[in-house]
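Please have the sequence and the model in view while reading.

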Amino acid sequence: MGLMEKIFALLEHGPGEHWGVHPDDRKRPAADAPVRILPLPERLHVPLQQHIGAAARPIVLVGQKVLKGQLLAEAQGVTSANIHASTSGTITAIGEITAPHPSGLPCAAITITADGEDRWIETEPAVDPFSLAPKDIAARIAAAGVVGLGGATFPSALKLGLGLRAKIHTLILNGGECEPYLSCDDRLMRDFAAEIVDGVRIMLHATGAQKAQIGIEDNKPEAIAAMTTAARKYAEITVCPVPARYPMGSEKHLFSALTGQEVPADGRTTDLGALVHNVGTAWAVHEALRNNRPLVERIVTVNGSAIAFPGNIRVPVGALVEDVLAYASLKEEPARLVMGGPMMGSLLPHTRVPVVKGSSGILALTAAEAAAYDPGPCIRCSSCVRACPVGLLPLEMSARIATSDLNGAVDLGLKDCIACGCCSFVCPSHIPLVHYFNHAKGELAAQGRTQLRNEAAKRLAVARAERIERDTREKAEAAARRKAERMAQKAAEAAAAAAAGNTTASEVTT
Ligand code: SF4
Ligand code: SF4
């Protein structure tokens with residue numbers, strides 16, 4: 001069968017049962033090692049932007065002493081998030097550090113030189129979250145700087161508010177963690193199952209949903225067992241094993257696996273009455289409401305064949321990748337460093353990059369592992385088409401993008417691409433297809449912003465011209481009015497004078 005026939009066959013039958021890929025998960029032995037705690041680094045570099053919205057605004061000064069959990073920077077807008085001190089010490093710089101992004105561009109960060117005491121700020125005793133109104137729970141979650149820990153880093157309070165407004169009936173907890181190498185959610189579910197279930201109950205109260213389903217891939221039997229035990233007392237919470245298949249961790253695919261319903265390409269799960277949160281977020285909600293603890297640390301998977309002791313490590317936000325790698329020990333110089341998973345993560349330019357709230361993993365890959373990602377020419381095998389969970393034509397879209405035909409790529413469904421990386425993963429030529437799509441979406445967003453700016457400038461210019469025309473017209477009308485008034489007044493005066501003259505003449509005659 002030729003390539004086009006294969007494509008037409010797929011278009012006819014859709015991705016159906018065959019969406020996604022089954023990558024070698026490479027999660028063990030890291031997933032089975034007990035969580036270790038990173039020794040406190042001498043300095044922490046806490047970025048001001050660890051969420052999708054605007055960077056937070058610093059409220060501390062260089063030289064100021066801070067305690068762990070103290071607010072360092074305030075959220076700027078609804079999609080922004082508060083940033084807190086991840087240890088006690090002194091603010092020694094407010095400057096820049098390399099962002100955890102392949103661009104290697106700098107981002108603003110606050111540097112804390114640790115005093116070694118790691119002393120928490122004192123807080124009021126926590127109140128019973130079930131005595132609070134949903135909006136007060138959301139306010140506490142926002143104050144604690146909680147963002148989605150599955151990678152999207154969307155402010156959790158805002159998302160809970162959306163769920164409340166959409167009158168959702170089901171809360172879905174994403175324990176899919178389908179990216180190879182990563183096991184931080186798996187460890188969290190094994191070790192903190194009761195805390196996650198408590199966070200889920202608080203989120204149910206905050207959203208008004210009647211039930212929660214916790215979806216966990218069936219390659220994590222220990223996590224399924226721990227969560228099932230922790231949720232046993234609560235009839236409204238169900239633990240649901242789902243097949244291990246990438247990208248099961250995508251919201252829409254997990255939703256479909258749990259409910260049997262499809263979310264339309266341009267729709268959301270809330271349109272169908274369900275809100276999806278990561279299990280790590282439920283743990284952070286528990287910490288914020290029960291212990292008054294803001295989000296200042298997380299579990300990070302450190303994995304890859306260049307790591308001597310792979311596993312999961314509890315890391316304060318702002319610790320450098322080099323601190324984490326030094327603790328996990330390298331057995332050889334990594335050929336490639338990735339923050340996140342190999343499918344959707346970011347290549348790191350070097351190791352002086354801070355861990356942030358959304359850092360699920362640090363991968364140190366050997367040359368052999370990295371070679372799996374070195375690109376060659378397209379052999380037109382159509383594997384990417386078969387793997388795409390959305391039923392797109394990745395090779396055709398990337399060909400359009402390569403010739404700067406973005407509209408052509410949009411016509412082929414670029415905007416429906418969920419950037420899961422399945423196509424890149426299965427491509428035998430290791431073509432970074434998903435990077436093409438992310439780049440093109442960035443270009444389209446930039447074009448959209450430019451268009452909005454141009455339209456706004458045009459609207460302002462039209463409004464200015466109309467205002468000038470209106471002012472000129474009003475001035476002319478006012479001048480004409482004044483002239484008419486003057487003339488009327490003169491006429492009245494003349495008439496009055498004439499009347500007075502006539503009176504005098506008649507008096508003389510008389
Ligand atoms: S990255 Fe986009 S095009 Fe590629 S498989 Fe995923 S959804 Fe399909
Ligand atoms: S882009 Fe890769 S997977 Fe798709 S047809 Fe070409 S070689 Fe095959």
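Contact here means heavy atoms within 4.5 Å. Helices (H or I, at least four residues) and strands (E, at least two) are DSSP runs, numbered from the N terminus. The model is predicted, so that local features need pLDDT of at least 70 and side-chain atom pairs count only at pLDDT 80 or more, while totals for chains, interfaces and linings use all residues. Residues are numbered from 1 along each chain as its sequence is written, and side-chain values use heavy atoms, with hydrogens and water left out.

**Cores and helices**

A residue is buried under 20% relative accessible area, exposed over 50% and partly exposed in between, with a 1.4 Å probe and protein chains only. A nonpolar core is a set of buried Ala, Val, Leu, Ile, Met, Phe, Trp, Tyr and Cys residues joined through side-chain atoms within 4.5 Å. The largest such core has 48 residues, and Leu 171, Ile 196, Val 200, Ile 214 and Met 227 have the most contacts inside it. Helix α5 (residues 193-207) gives this core its largest share, eight residues. Beyond its neighbours within four places in sequence, Ile 196 is in contact with residues including Leu 188, Met 227 and Trp 283. Apart from this core lies another, of 33 residues, among them Leu 44 and Val 353.

| Helix | Residues | Buried residues |
|---|---|---|
| α6 | residues 221-231 | Ala 223, Ile 224, Ala 226, Met 227, Ala 230, Ala 231 |
| α12 | residues 394-402 | Pro 394, Leu 395, Glu 396, Met 397, Ser 398, Ile 401 |

The buried residues of α6 cover an arc of only 170 degrees around the axis (taken from the directions from the helix axis to the C-beta atoms), which puts them on the same side of α6. They pack against α4 (184-191), α5, β10 (211-217) and β11 (237-242). Just after α12, Ser 404 takes a positive phi of about 60 degrees.

**The sheet**

Two strands pair if DSSP finds at least two bridges between them. Six strands form an open sheet in the order β1-β14-β13-β17-β15-β16, with mixed pairing. At its edges stand β1 (36-37) and β16 (346-347), each with a single partner strand, so one side of each is left without a neighbour in the sheet. Strands β13 (residues 297-303) and β14 (residues 311-316) pair in the antiparallel sense over six bridges. Val 300 has Ile 313 in β14 as its bridge partner.

**Cysteines**

The structure holds zero disulfides (pairs of cysteine sulfur atoms within 2.5 Å). For Cys 422, the nearest cysteine sulfur is that of Cys 420, 3.6 Å away. Cys 422 counts as buried at 0% relative accessibility, and Cys 427 counts as buried at 9%.

Note on methods. Chains lettered and ligands numbered in written order.
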